[in-house]
Amino acid sequence: MIQNGVEFYGFLGLIHLFMLMDDTFILATTRESAILKLRALNEFCVQSGMRVNEKKTKFFVINVKACDKQPFYNTIDDVTVKYCTDYLYLGVYFTEVGNAASSLVLQKQRWEETANKFSIFVSVNTNMPFSIKRQVFEAAVLSGLLYGSESWLSSNIKIANKYYHRMLKLLIGVRIQTPIDLCLLEIGAPDLNFYVMRARKRLLVKMKKMS
């Protein structure tokens with residue numbers, strides 16, 4: 001419906017929205033285009049007997065100007081779509097700054113919680129074999145840290161690296177002051193950048209196959 005009702009505009013071409021189940025975000029290069037797409041969304045909801053959740057429906061603009069922050073009124077029934085500086089979509093933060101570094105800063109609270117939980121796990125299970133602890137680290141800790149890493153289109157991952165090093169040292173059971181290079185060598189683990197680059201490669205290969 002959006003594709004048929006809205007003209008192609010700018011660099012986005014055919015990409016109008018991303019959807020996963022009932023989670024959707026719309027892409028637009030101008031305010032006018034965004035209004036047309038919101039109206040198309042509203043028409044679809046009316047036809048399908050659905051309502052848009054006003055509390056969860058927000059918008060932000062990359063390289064924002066003051067005039068861009070004006071809410072959208074009555075484009076979706078009586079729902080007012082308000083401006084936000086960042087939004088958490090499927091566990092990944094997107095910001096008006098538009099770079100990976102600003103998104104990673106917002107992930108800090110989640111990573112801090114993960115580090116605290118893993119610290120408790122390690123202290124409680126002191127007699128657990130290292131191989132089992134490593135499986136828990138890779139399945140629960142590392143996967144959570146790397147979630148959405150294919151979208152980190154930046155070489156500046158110092159914040160994520162900090163938590164990776166911290167939790168790796170918890171896994172091994174060494175002091176926080178221990179050089180990370182020794183820790184990586186001790187268990188034969190790669191640096192975080194290896195995992196990030198691998199995730200990007202998998203995404204690009206998948207996109208190439210889809211095209």
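F118 is buried, since its relative accessibility is 3% (buried means under 20% relative accessible area, exposed over 50%, and partly exposed in between, with a 1.4 Å probe and protein chains only). This is a predicted model, in which local features need pLDDT of at least 70 and side-chain atom pairs count only at pLDDT 80 or more, while totals for chains, interfaces and linings use all residues. Residues are numbered from 1 along each chain as its sequence is written, and side-chain values use heavy atoms, with hydrogens and water left out.

F121, at 21% relative accessibility, counts as partly exposed. F118 and F121 are three residues apart in helix α4 (residues 108-124), and therefore about one helical turn separates them. Helices (H or I, at least four residues) and strands (E, at least two) are DSSP runs, numbered from the N terminus.

## Aromatic pairs

Rings of Phe, Tyr and Trp (its six-membered ring) pair if their centres lie within 6.5 Å; planes under 30 degrees apart count as stacked, over 60 as edge-to-face and the rest as tilted. The count under this rule is nine aromatic pairs. For F59 and Y83, the ring centres are 5.2 Å apart and the planes stand at 80 degrees, so this pair is edge-to-face. The pair links distant parts of the chain, 24 residues apart: F59 belongs to strand β3 (residues 58-59) and Y83 to strand β5 (residues 79-83). F59 is buried at 11% relative accessibility, and Y83 is buried with a relative accessible area of 17%.

The rings of F118 and F121 have centres 6.0 Å apart and planes at 20 degrees, so that pair is stacked. Ring pairs also join F25, Y89 and F94 into a cluster.

## Packing of α4 and α5

Two packed helices are described by the angle between their axes and the distance between the axes. Helix α5 (residues 130-145) packs with α4 at an angle of about 170 degrees, the axes being 10 Å apart. Axes are lines fitted to C-alpha atoms, for helices over the stretch in contact, and angles run from 0 to 180 degrees between N-to-C directions. α4 is therefore roughly antiparallel to α5 (angles over 145 degrees count as roughly antiparallel, under 35 as roughly parallel, 65 to 115 as roughly perpendicular and the rest as oblique).

Residues of α4 that meet α5 include W111, F118 and F121, and those of α5 include V136, F137 and L145; contact means heavy atoms within 4.5 Å.
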